[in-house]
Amino acid sequence: DPTGHPPPPPHCVLRGHKSDVTVTQLIGHDSSGLPLLASGDADGELRMWSLRTHRTISATSAHPGHSVLATHALLDDKLLSQ
């Protein structure tokens, strides 16, 4: 840090992926109005997270053996991944 100040502590830590996270994106909103977080990892797993509870809502092996390179939110609460 060029200012010499330490970074602030994290607000929370989301644990669940077993390999390096390669992509994140805020998408949609939950019932409380907070955005949902989509994340993908180097093993091809996609996860949806609640930023209210800091827990995984759903997880799937979308691209087994291949890194998730990108995500894009579609209409009707769908997520496109590559």
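Visitor: What makes the lining of the largest pocket six nonpolar, two polar and two charged residues by class?

Guide: In this predicted model, the lining consists of Ile27, Gly28, His29, Leu36, Met48, Ala73, Leu74, Asp77, Lys78 and Leu79. Ala, Leu, Ile and Met count as nonpolar, Asp and Lys as charged, and the others, Gly among them, as polar. The classes therefore come to six nonpolar, two polar and two charged residues.

Visitor: Which element supplies the largest share of the lining of the largest pocket?

Guide: Strand E1 does, with three residues. E1, strand E5 (71-74) and strand E6 (78-81) each supply at least two residues of that lining. The volume of the largest pocket is about 160 Å³.

Visitor: Why is the pair Arg47 and Glu45 called a salt bridge?

Guide: The N to O distance between their side chains is 3.0 Å. The rule asks for a side-chain nitrogen of Lys or Arg within 4 Å of a carboxyl oxygen of Asp or Glu, so the pair qualifies.

Visitor: Are Arg47 and Glu45 buried or exposed, and how do you know?

Guide: The relative accessible area of Arg47 is 12%, and that of Glu45 is 19%. Buried means under 20%, so Arg47 and Glu45 are each classed as buried.

Visitor: How many salt bridges does the rule give?

Guide: The count is two. Besides the pair of Arg47 and Glu45, Arg52 forms a salt bridge with Asp30, with the closest N and O atoms 4.0 Å apart. This second pair links distant parts of the chain, 22 residues apart. Arg52 lies in the loop between strand E3 (45-50) and strand E4 (55-61), whereas Asp30 lies in the loop between strand E1 (21-29) and strand E2 (35-41).

Visitor: What makes Asp30 count as buried?

Guide: Its relative accessibility is 17%.

Visitor: How do you know that the side chains of His17 and Asp41 make a polar contact?

Guide: The contact is 2.9 Å.

Visitor: Where is His17 found, and why is it called buried?

Guide: His17 is in the segment before E1. Its relative accessible area is 18%, and buried means under 20%, so the term applies. Beyond its neighbours within four places in sequence, His17 is in contact with Ser39, Gly40, Asp41, Glu45, Arg47 and Trp49.

Technical notes:
Residues are numbered from 1 along each chain as its sequence is written. This is a predicted model: local features need pLDDT of at least 70, side-chain atom pairs count only at pLDDT 80 or more; totals for chains, interfaces and linings use all residues. Side-chain values use heavy atoms; hydrogens and water are left out. Helices (H or I, at least four residues) and strands (E, at least two) are DSSP runs, numbered from the N terminus. Buried means under 20% relative accessible area, exposed over 50%, partly exposed in between (1.4 Å probe, protein chains only). On a 1 Å grid over the protein atoms alone, a cavity is a set of points where a 1.4 Å probe fits but cannot get out, and a pocket is an open set with protein on both sides within 12 Å along at least five of seven lines; lining residues have an atom within 4 Å of a point. Grid points are joined across faces, edges and corners, and a volume is the space filled by probe spheres set on the points. A polar contact is a pair of N or O atoms within 3.5 Å; within protein, one must be able to donate a hydrogen and the other to accept it, and residues adjacent in sequence count only if both atoms are side-chain atoms. Contact means heavy atoms within 4.5 Å.
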